[in-house]
Amino acid sequence: MSVYNFLASDVMLENVKNDKVMFFSVKEALERGIVLNKKLIANVDENKKDVIMYFEKKEDLGEIDIWPEAEDMKIYSDDYTNKKYRSRLDWDYTEKRAEHLINYIKKHLEKTKEIELWEIWLGEEEKPNIEYCKLCELDNKKIKKIFGHGFKQPMCLKVVKE
């Protein structure tokens, strides 16, 4: 299976879109001057939306994306949290992105008292390591401990308002 990162809260989580990754139809991509392999697009409807993914640098794929959890993923997160609202967190850890995530958490905690940050392994239910942190104590090291060391065990950081 694979690693799954998600956020959980008692109030709806705001979406964040990675604006460095764009999706186009074949026609739109060609109009923008994007060079495409003709063999790969030979049997593709040129007007079908979102068949071409475009980004300038490979690192751009790792920018923060947060969106509501898909229904079929709830069977995994249900094992770890009872929070009503859950959003998938898709990103690659860097210090700069961790700062963006901390700012996201600060903004979210203006509406509620707690947010959970989770990293789990899909398909295996293990007892998670759960840590608590006050918002004033939240820093890159705590974010890195959850998301920046490769998966070792299910982990959760519960961040609470002061």
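The legends below describe close-up views of a predicted model.

**Figure 1. Overall fold of the predicted model.**
The protein has 5 helices and 8 strands. Along the sequence, these elements follow the order β-β-α-α-β-β-α-β-α-β-β-α-β. The C-alpha trace spans about 55 × 30 × 30 Å along its principal axes. Of the 162 residues, 40% are buried.

**Figure 2. Strand β6 and its two antiparallel partners.**
Strand β6 covers residues 114–121. Strand β1 (residues 3–9) joins β6 through 7 bridges, and the two run antiparallel. Within this pairing, S9 has I115 of β6 as its bridge partner. Strand β8 (residues 155–160) also runs antiparallel to β6, with 6 bridges between them. Two bridge pairs can be picked out here. E114 is partnered by V160 in β8. L117 is partnered by L157 in β8. Strand β6 is mostly covered, with 7 of its 8 residues buried.

**Figure 3. Strand β8 and its parallel partner β7.**
Strand β7 takes in residues 129–134. It pairs with β8 in the parallel sense over 6 bridges. N129 stands opposite M155 in β8. The pairing of β8 with β6, by contrast, is antiparallel. Is β8 enclosed or open? Strand β8 is largely enclosed by the rest of the structure, because 5 of its 6 residues are buried.

**Figure 4. The largest nonpolar core.**
In soluble globular proteins, nonpolar side chains tend to be buried together. The largest nonpolar core here holds 24 residues. Those that touch the most other members are W91, L101, I105, L117, L138, I143 and V159. Helices α4 and α5 (140–147) and strands β6 and β8 are the elements that each give two or more residues to this core. Helix α4 supplies the largest share, 5 residues.

What does I143 touch, leaving aside residues up to four places away in sequence? The contacts are W91, Y93, A98, L101, I102, I105, L117, L138 and G148. Several of these, including W91, L101 and L117, are also among the core members that touch the most others. A second core, of 10 residues, is separate. Among its members are A8, Y80, W118 and C156.

**Figure 5. The largest pocket.**
Rolling a probe the size of a water molecule over the atoms shows where empty space is left. The largest pocket contains about 220 Å³ of space. It is lined by 13 residues, and those closest to its centre are V16, K17, E63, I64 and H100. Helix α4 (residues 95–108) gives the most to the lining, with 5 residues. By class, the lining has 5 nonpolar, 3 polar and 5 charged residues.

**Figure 6. The cavity.**
The structure holds 1 cavity of 30 Å³ or more. The volume of the largest cavity is about 30 Å³. Which residues line the largest cavity? The lining is E14, Y104, K107, H108 and K111.

**Figure 7. D50, a residue with positive phi.**
Most residues other than glycine have a negative phi. D50 has a positive value, near 60°. The residue is found in the loop between α2 (38–41) and β3 (52–54). Is D50 buried or exposed? D50 counts as exposed because its relative accessibility is 52%, and the cut-off for exposed is over 50%.

S2 is found in the segment before β1. Its relative accessibility is 35%, so S2 counts as partly exposed. Leaving out residues up to four places away in sequence, S2 touches I120, W121 and L122. Residue K27 lies 25 residues from S2 along the chain, and their C-alpha atoms are separated by 34 Å.

Methods: Residues numbered from 1 in each chain as written. Predicted model: local features only at pLDDT ≥ 70, side-chain atom pairs only at ≥ 80, totals over all residues. Heavy atoms only, no water. 1 Å grid on protein atoms, 1.4 Å probe; cavity = no way out; pocket = protein on both sides within 12 Å on 5 of 7 lines; lining within 4 Å. Points joined across faces, edges and corners; volume = space filled by probe spheres on them. Helix = DSSP H or I, 4+ residues; strand = E, 2+ residues; numbered from the N terminus. Nonpolar A, V, L, I, M, F, W, Y, C, P; charged D, E, K, R; others polar. Buried < 20%, exposed > 50% of the residue type's maximum accessible area, 1.4 Å probe, protein only. Pairing = 2+ DSSP bridges. Core = buried A, V, L, I, M, F, W, Y, C linked by side-chain atoms within 4.5 Å. Contact = heavy atoms within 4.5 Å.
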